[in-house]
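Grab a pencil and work through a few exercises on a two-chain model. Try each task yourself before reading the solution.

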Amino acid sequence: MSSHSLEAVSAARWRVALSLTVAMMAVYFGFVLLVAFNKPLLGTVVARGLSLGMLLGALVILVAWALTWIYIRWANTHYDASLRGLRSTGRAQGEPVRHAQGEGR
Amino acid sequence: MTSLGEPNALAITFFILFIASSLGITIWASRKTTTTDHFYAAGRSVTALQNGLALAGDYMSAASFLGIAGLVAVSGFDGLIYSIGWLVGWPVVMFLIAEPLRNLGRYTFADVLAARLRQTPIRIAASIGALAVITFYLIAQMVGAGNLIRLLFGLPYEAAVVIVGAVMLAYVLFGGMLATTWVQIVKAVLLLGGATLLAGLVLARFSFNPLALFAEASDMYGAEVLSPGRLVTDPIDAVSLGLALMLGTAGLPHILMRFYTVRDAKTARTSVGYATAFIGFFYLLTFVLGFGAMVIIGREAITAVDAGGNMAAPLLAEGVGGTPFLGFISAVAFATILAVVAGLTLSGAATLSHDLWVSVFRGDKADQREQLVVARSATVLLAIVSILLGITFKGQNVAYMVGLAFAIAASANFPALVLSIFWRGLTTRGAQFSMISGTVSALVLIFLSPTIQVDVLGNADAWFPLRNPGIVSISLSFAVAIGVSLMWPAASEAKRFDELERQLHLGVEHVD
């Protein structure tokens with residue numbers, strides 16, 4: 001199986017997508033579970049005017065940004081390159097090309 | 001003390017300027033809107049940055065701007081749980097949904113399911129879920145609009161609802177997706193700019209140190225404003241709300257529809273990146289706006305104007321920028337509602353005409369002219385229905401309606417959509433039962449929850465203990481989809497999944 005086969009591209013895409021989704025859910029539900037089960041801990045003041053809860057909450061937003069950025073970086077470099085390979089091999093092997101059904105220009 | 005509730009000449013001027021410029025956009029867009037591709041998908045001409053702003057515009061509704069600022073001003077930290085929950089849905093949309101959705105569908109998320117499953121039963125089930133979400137979301141926006149205009153401009157509630165309905169109808173009817181997109185973009189820029197300016201004016205009083213502001217809030221109202229409090233009392237309820245907020249985003253029909261307005265999947269991907277950046281920035285601002293209102297205006301003054309605290313942001317604008325800034329922020333808040341209502345109506349019209357009329361009743365045999373006539377008739381129908389619902393539900397609590405819409409979206413649409421993209425074994429029957437059981441269980445459990453039974457109906461007890469049904473209804477919907485599909489497998493549908501795998505990654509390939 002070449003690295004540009006549909007199966008390989010598909011498997012790589014879902015591996016990255018699922019890992020990042022699991023990471024996002026772990027971070028977010030970690031935060032939610034702390035809100036649910038350990039309120040006093042989140043109420044700890046880490047600096048004047050800043051509780052641990054607010055710090056972690058802002059960090060969840062930053063993590064969401066970071067994971068989104070990681071995905072875009074990965075997709076723009078690796079995924080798009082694999083898709084280009086896939087497109088050319090598909091043509092070379094004479095796979096049927098599906099026609100656009102009313103696709104816009 | 002405050003000029004809220006009196007006709008504010010500047011607010012009305014800003015508002016008329018917004019309406020006039022957006023109707024100008026509509027006239028421009030109407031010249032281009034001649035086919036269904038234009039009406040539903042803006043001719044696939046929207047760029048990544050434009051779509052990112054439009055997604056942010058569609059998402060940052062009055063619930064985000066007025067609701068969260070008010071919630072933080074009144075309850076402190078607890079309001080931030082909503083800010084965070086509503087943002088983390090976006091990475092999920094990015095990783096799991098955006099690109100396959102763009103590659104497999106044409107106008108609605110139901111297209112993705114219909115591409116690999118039997119079209120008729122799937123579209124009917126998907127339409128029921130989509131219309132339930134849209135209806136509750138619309139009610140929340142209309143009720144919010146009515147109250148807001150009554151408070152801000154001194155107009156009667158009913159008149160306000162009719163004005164919103166009529167202006168929105170003009171955008172969607174004549175300008176379709178192109179006008180709706182540009183209205184969202186203008187509104188998103190105004191909202192982000194207005195909120196940034198407001199936060200800047202607040203922080204200027206604390207030498208641009210947010211911690212000094214939070215410290216002042218904790219000195220005035222006690223350290224507990226910075227820690228989790230009474231809003232989330234039950235742990236399971238907290239997780240349930242978290243699930244609905246996170247997964248609901250990936251099931252909102254009007255958000256999913258935006259991915260069809262761009263050229264290809266790569267542009268869709270980039271646009272989610274922009275949207276996540278804008279929305280995250282906006283939600284970080286809500287930390288400052290909420291605590292700013294708490295400190296500068298004071299909790300008592302905020303709840304005196306509106307018990308739910310919804311007027312915290314406009315009051316804060318008046319406090320730091322005087323009547324002119326109040327006028328500007330009020331007009332921005334109104335533009336926000338108007339734009340979201342337009343986006344919702346358009347996705348409702350696409351469901352009624354594209355999914356139900358053209359695909360189910362006419363078996364894909366309707367020509368462009370007929371499709372456009374049906375789409376525009378559906379728009380008029382939805383505008384009338386939303387005006388009537390807005391008037392009927394006068395005085396209802398807006399927040400629970402939006403929560404309801406998210407819970408239904410997460411239970412009805414998300415499981416079937418994500419499984420249809422990921423899982424070869426999903427069958428028509430599995431998806432159909434999942435969407436129906438998700439919609440029905442979410443609706444029934446909300447009706448039996450303390451939110452309706454205790455808060456609205458005034459009963460002493462509720463049959464269902466949780467305020468948000470997410471944890472039960474989302475799990476049920478997934479379990480039904482997987483269970484039914486395994487019980488009655490369909491080999492031909494699994495084969496169809498393999499056939500579509502190439503299109504899922506590469507999109508519809510043109511012959512050059």
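The exercises below go from chain A to the interface and then to the helices of chain B.

This is a predicted model, in which local features need pLDDT of at least 70, side-chain atom pairs count only at pLDDT 80 or more, and totals for chains, interfaces and linings use all residues. Residues are numbered from 1 along each chain as its sequence is written, while chains are lettered from A and ligands numbered from 1 in the order in which they are written.

**Exercise 1. Sketch the make-up of chain A.**

Step 1: list the elements, taking helices (H or I, at least four residues) and strands (E, at least two) as DSSP runs numbered from the N terminus. Chain A has three helices and two strands, and from the N terminus on they run α-α-β-β-α.

Step 2: look at burial. A residue is buried if 20 or more other C-beta atoms lie within 10 Å of its own, exposed if 12 or fewer, and partly exposed in between, with C-beta atoms placed from the backbone. Of the 105 residues in chain A, 25% are buried.

**Exercise 2. Describe the side of chain B that touches chain A.**

Step 1: count contacts, meaning residue pairs whose C-beta atoms, placed from the backbone, lie within 7 Å. Here 50 residues of chain B contact 49 residues of chain A.

Step 2: find the helices involved. Those of chain B that each supply at least two residues include H2 (36-41), H5 (77-104) and H20 (491-506). The biggest giver is H5(B), with twelve residues.

Step 3: sort by class. Ala, Val, Leu, Ile, Met, Phe, Trp, Tyr, Cys and Pro count as nonpolar, Asp, Glu, Lys and Arg as charged, and the others, Gly among them, as polar. Chain B's side splits into 32 nonpolar, ten polar and eight charged residues.

**Exercise 3. Work out how two helix pairs in chain B are arranged.**

Step 1: get the angles. Axes are lines fitted to C-alpha atoms, for helices over the stretch in contact, and angles run from 0 to 180 degrees between N-to-C directions. Helix H7 (residues 119-153) and helix H17 (residues 428-448) of chain B pack at about 20°, with axes 9 Å apart. The axes of H8(B) and helix H15 (residues 368-392) of chain B come within 9 Å and cross at roughly 165°.

Step 2: name the arrangement. Angles under 35 degrees count as roughly parallel, over 145 as roughly antiparallel, 65 to 115 as roughly perpendicular and the rest as oblique. H8(B) and H15(B) are therefore roughly antiparallel.

Step 3: A crossing is left-handed if the near helix is turned anticlockwise from the far one by less than a right angle, and right-handed if clockwise. H7(B) crosses H17(B) left-handed, and the crossing of H8(B) and H15(B) is right-handed.

Note on methods. Contact = placed C-beta atoms within 7 Å.
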